Amino acid sequence: MTPNPTSHHLSDGTTAPLVGFGTYPLSGADGVEAMVSALHAGYRYLDTAVNYGNEEEVGEALRRSDVPREEVRVATKIPGRHHAHDLALQSLRDSAGRLGLDRIDVALIHWPNPSQDLYPQAWAALVEAQREGLVTTIGVSNFTEAHLTRIVEETGVTPALNQIELHPLFPQAEMRAVHERMGILTQAWSPLGKRQAPFDADPVAAAAAAHDVTPGQVILRWHVQVGSMPLPKSGTPERQRANLDVEGFALTEDEVHAISGLARPDGRLFDGDPDVHEEM
Ligand SMILES: NC(=O)c1ccc[n+]([C@@H]2O[C@H](COP(=O)([O-])OP(=O)(O)OC[C@H]3O[C@@H](n4cnc5c(N)ncnc54)[C@H](OP(=O)(O)O)[C@@H]3O)[C@@H](O)[C@H]2O)c1
C-alpha cells in the first residue's frame with residue numbers, strides 16, 4: 001500500500017500524475033470539448049489509441065486548451081493489425097501525425113494477441129522508436145506475466161508500464177505484485193468498473209459517507225493507495241473535476257482492504273482474458 005504519493009515515478013525516469021484521463025469513446029466536436037474541459041479541470045495525462053479513432057481530437061483538444069505542451073503526457077496504443085515490426089513503426093509515425101506531435105509521450109501495445117505471435121516484434125519496434133526519439137515512454141497493455149517475461153528476455157528492455165483491467169471487482173492483486181517485482185507501473189483501464197461500478201456496495205458507500213466524498217472518488221483513491229494509476233473517462237465536467245480530486249483525503253487500511261474484498265472471480269467486465277481475447 002502506498003500511503004501518500006503525489007505522482008508516479010516510472011522506471012525510465014519520467015513521471016506521471018496520480019490520475020489520468022481516459023478518452024474512449026469521446027470523439028467529434030463534443031469529444032474535443034470534453035477533452036478541453038478535462039485539461040482545464042487539471043488532467044495532465046490523456047489516454048488514447050489508434051483503435052479509439054480519436055487521436056486527431058486529442059491533438060485538437062491539446063492545442064485548443066492552451067495548456068503548455070510540456071505539461072501534458074499523451075499516450076497512444078499500437079493496434080493488433082500493426083504488430084509486425086515495420087507496420088508498428090509506421091503506426092507510431094501515423095499516430096504522431098494524427099496527434100500533431102513531433103514526439104509521442106507514451107506508446108503501448110494495445111493487446112498481445114498471442115495467436116498472432118507478433119507482439120515481440122511490436123515491442124522491438126517500440127524499443128527502436130524510443131532510441132530514435134519518436135517515443136519517450138514505452139509500455140504495454142493487457143500483458144500477462146508470461147507476455148512480459150518473453151519481451152524482456154528477447155530485448156533486455158522492461159516496459160515502463162502495463163495498462164490492465166483493474167477495478168474493485170477485479171483488483172488484479174497478482175499482476176500488481178508481478179509489476180512491483182519487475183519495476184513496472186500498473187495502470188488501470190475501466191478503473192471505476194464502467195457500467196458495473198460498485199458505487200452502492202457497502203465498503204464504497206460507507207467510505208464515501210465517512211470522508212464526505214463521492215463513491216467515484218473513493219474508488220479512485222483506492223487505486224492510488226494500492227499503487228495503481230487510474231484512467232477514468234467522463235464526458236461530464238463535474239465528474240471530471242471530482243475524479244481528479246482524490247488527494248484531500250486518505251482511506252484507512254481497513255477501508256482499502258474492504259474495497260479490495262469486493263473482488264469476484266468473474267469480476268472482469270467482459271471476457272477480456274488477454275490469453276484468449278484479441279483485438280485487431
Ligand atoms: N487498454 C485497454 O484495453 C482499454 C480498455 C478499455 C478502456 N481503456 C481506457 O480506460 C479508460 C476508462 O475506461 P472506461 O471508460 O471503460 O471505464 P470507467 O472510466 O471505469 O467508466 C466510465 C463510465 O463511468 C461514468 N463515470 C465517470 N466518472 C463517474 C463518476 N464519478 N460517477 C459516476 N459515473 C462516472 C462515465 O460516464 P460520463 O462520461 O457520463 O461521466 C462512463 O460511463 C478509457 O477511456 C480508455 O482510455 C483501455
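User: A polar contact is a pair of N or O atoms within 3.5 Å; in this predicted model, how far does an oxygen atom of the ligand lie from an N or O atom in the side chain of Ser190?
Analyst: Ser190 is among the residues that come nearest to the ligand, together with Asp47, Lys233, Ser234 and Arg239. Because a polar contact needs N or O atoms within 3.5 Å, the pair formed by the Ser190 side chain and a ligand oxygen atom qualifies, at a separation of 2.7 Å.

User: How many residues of the shell around the ligand are polar by class?
Analyst: The shell around the ligand comprises 26 residues. By class, nine of these are nonpolar and five are charged, while the number of polar residues is 12.

User: What is the volume of the largest pocket?
Analyst: The largest pocket is the space taken by the ligand, and its lining is made up of 37 residues, with Tyr24, Ser190, Pro191, Lys194 and Lys233 lying nearest the centre. By class, that lining divides into 15 nonpolar, 15 polar and seven charged residues. The volume of this pocket is about 1,000 Å³.

User: Which element gives the most residues to the lining of the largest pocket?
Analyst: Among the 37 lining residues, two or more come from each of α8 (215–226) and α9 (237–244). The element that gives the most, with four residues, is α9.

User: Which residue is joined to Pro25 by a cis peptide bond?
Analyst: Pro25 lies in the loop between β3 (21–22) and α1 (28–41). Most peptide bonds are trans. Here, however, omega is about 5 degrees, and the cis bond joins Pro25 to Tyr24.

User: What is the phi of Asp66?
Analyst: Asp66 is found in the loop between α2 (55–65) and β5 (73–78). Most residues other than glycine have a negative phi. Asp66 is not a glycine, yet its phi is positive, near 65 degrees.

Key: Residues are numbered from 1 along each chain as its sequence is written. This is a predicted model: local features need pLDDT of at least 70, side-chain atom pairs count only at pLDDT 80 or more; totals for chains, interfaces and linings use all residues. Side-chain values use heavy atoms; hydrogens and water are left out. A residue is near a molecule or strand if one of its heavy atoms lies within 4 Å of it. A polar contact is a pair of N or O atoms within 3.5 Å; within protein, one must be able to donate a hydrogen and the other to accept it, and residues adjacent in sequence count only if both atoms are side-chain atoms. On a 1 Å grid over the protein atoms alone, a cavity is a set of points where a 1.4 Å probe fits but cannot get out, and a pocket is an open set with protein on both sides within 12 Å along at least five of seven lines; lining residues have an atom within 4 Å of a point. A molecule sits in a cavity or pocket if more than half of its atoms lie within 2 Å of its grid points. Ala, Val, Leu, Ile, Met, Phe, Trp, Tyr, Cys and Pro count as nonpolar, Asp, Glu, Lys and Arg as charged, and the others, Gly among them, as polar. Grid points are joined across faces, edges and corners, and a volume is the space filled by probe spheres set on the points.
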